Amino acid sequence: MQSQLKLYNTLSGEKETFKPILEGNVGMYVCGPTVYSDVHLGNCRTFISFDLIYRYLMHLGFKVRYVRNITDAGHLENDADEGEDKISKKARLEAIEPMEIVQRYSVGFHQVMEKFNALPPSIEPTATGHISEQIQIVQALLDNGAAYISNGSVYFDVLKYNDSEEYGILSKRKIEDLISGTRDLDGQHEKRNPLDFALWKKASPYHIMRWPSPWSDGFPGWHLECTAMSSKYLGETFDIHGGGMDLKFPHHECEIAQATAFSGHKPVNYWMHTNMLTLNGKRMSKSTGNTLLPEELFSGETVLLEKGFHPMVARFFMMQAHYRSVLDFSSDALAASEKGFHKLMNGSKELKELKLSPNSSLSIQGFIDSFYTALNDDLNTPVLIAHLFEVVSFINKVKEGAEQISAEDRELLSESMNAMIFDVLGLTFIDEQDHSKLDAAMNIILELRKNARETKDWNTSDLIRDKLNEAGITVKDNKEGSTWSVN
RNA sequence: GGUCCUGUGGCCGAGCGGUUAGGCAGUGGUCUGCAAAACCAUCUACAGCGGUUCAAAUCCGCUCGGGACCUCCA
């Protein structure tokens, strides 16, 4: 099954059969968040997409080392001399320590990811914790002539690199087009060419975050941390490097260039890029303010939504679209997913209690194969979910007596459904609190209601149901009796 | 302006040369004191115009929309 996994590789522009460098092991690096403000839902989608990939690789039996960095040194605000990093700017605004900002938003990020049931990565290194590694790479690039010093800063020489390698190989850009398209920004005079990017920046006097280096007191360029940390923890060539589409250029392109110049070979075999989550048809972005915060989604306290949605509903909503497709966020789409989510989860619950027959009326293995066919095709979760709904439909028919399932098959299907829903898609039941006392109380109430119904006292029975509903508890009547659930 | 992606039924969203995707909503029915849920049936679309092909939502061209990147951004 493993060898059949195909992943879309941005480098080739095609789906390729996934083959890890070291059999049975996968090294995966994902560009993490910049912790200078709250992560928005668009950021979350990327990390949830890679959580799916991480989960599926592990489900297939790979031993995965998943590295996702925390960018706490801040990226350059712009390329100008006055450039200051985002962390220190925010710190001065709020008159607190940079690391205080970092701490606050890192914690917030982790809390949000936990709500989305995203597994923590194996290693979550920080840029500030790897300054010496970054300095070493800069020195090596200076030593081998790939970089040059200018006024205390160090820049990567893109044109020189392009003489022997191909700058633009990932984003499919031609260097001539890039040169002609370069904007005339201030502070470019330090560079030999506008395309050159900073490896090390000399800090201006008021710049708070700074480290000593052979060239100046300063801070690392914004592409460098990923090369330093990925090569440290995964090796100079590793299997998968991921990030949002927006990082393809220039960030990942620069990473390839500096890493190749540093080590002499390509750093990554499979480049994976997840697509944007849009709001009102436009990508979410901190700088434009077109964002939705996770907390706003959960609480519904925003003009964009009619009500709040549980993180698992949002996760399911995201899984209903392919990770490489743009997904637009809307209240209606969320509401549709919410119903579908409950339908799926109820189906998976009911599967375990299905009445058994000597034989199954359908091929259970056929269902299971379809799950893997979908996932192996570049993680096609929308198709996987479509198949899961087919199973739910089958489950309901067994319940109604229109289809049959054997004991063996029920076990097999249950195991596979659970693996898909919980392990791979990473969904959880929304209501998992301990209800033992509520259970007891509800049993008493429903007993009274049952008595009322038996004497056709509909006023009482409806009053109980309506009042419970107002309190957030739904009562449903079936042939076998009444069931209840917390909304 | 350059590079690239995209346009699917009321809504969301797969498919990428020949078969019903799926979910939500709607409609008719079964069930039910009513409601809800569930089940069955139904609704059957591929921006427009050309072309290639026995066959196109799927490939090619043009036109018209939408978006991403080219500057920090998941």
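Modeller: Domain bounds come from an automatic or database domain assignment. For chain A that gives domain 1 (19-274), domain 2 (278-424) and domain 3 (436-486). This is a predicted model, where local features need pLDDT of at least 70, side-chain atom pairs count only at pLDDT 80 or more, and totals for chains, interfaces and linings use all residues. Residues are numbered from 1 along each chain as written, chains are lettered from A and ligands numbered from 1 in written order, and side-chain values use heavy atoms, without hydrogens and water.

Colleague: How far apart are the C-alpha centres of domain 1 and domain 2?

Modeller: They lie 34 Å apart.

Colleague: How do you know that residues of domain 1 are in contact with residues of domain 2?

Modeller: Contact means heavy atoms within 4.5 Å. By that rule, 30 residues of domain 1 touch 35 residues of domain 2.

Colleague: What area is buried between domain 1 and domain 2?

Modeller: About 2700 Å², with 65% from carbon and sulfur atoms. Buried area is the accessible area (1.4 Å probe) that two parts lose on being put together, summed over both. Leu41, Arg45 and Tyr56 supply 27% of what domain 1 buries against domain 2, more than any other three residues.

Colleague: Why is the pair lysine 115 and glutamate 295 called a salt bridge?

Modeller: The term needs a side-chain nitrogen of Lys or Arg within 4 Å of a carboxyl oxygen of Asp or Glu. The closest N and O atoms of lysine 115 and glutamate 295 are 2.8 Å apart, so the pair qualifies. Between domain 1 and domain 2 the count is 3 salt bridges.

Colleague: Which elements give two or more residues to the side of domain 1 that touches domain 2?

Modeller: α1 (41-59), α3 (98-115) and β10 (268-274) do. The largest share, 13 residues, comes from α1. Helices (H or I, at least four residues) and strands (E, at least two) are DSSP runs, numbered from the N terminus.

Colleague: What surrounds RNA strand B?

Modeller: 59 residues do, and the closest are Trp222, Gly244, Arg283, Asn396 and Lys397. A residue is near the strand if one of its heavy atoms lies within 4 Å of it. Helix α13 (residues 381-400) gives the most to this surface, with 7 residues.

Colleague: Which part of RNA strand B does a polar side-chain atom of lysine 339 approach?

Modeller: A phosphate oxygen, at 2.8 Å. For histidine 40, a polar side-chain atom lies 3.4 Å from a base nitrogen. Of the atoms of RNA strand B within 4 Å of the protein, 63% belong to sugar or phosphate, and the rest to bases.

Note on methods: A polar contact is a pair of N or O atoms within 3.5 Å; within protein, one must be able to donate a hydrogen and the other to accept it, and residues adjacent in sequence count only if both atoms are side-chain atoms.
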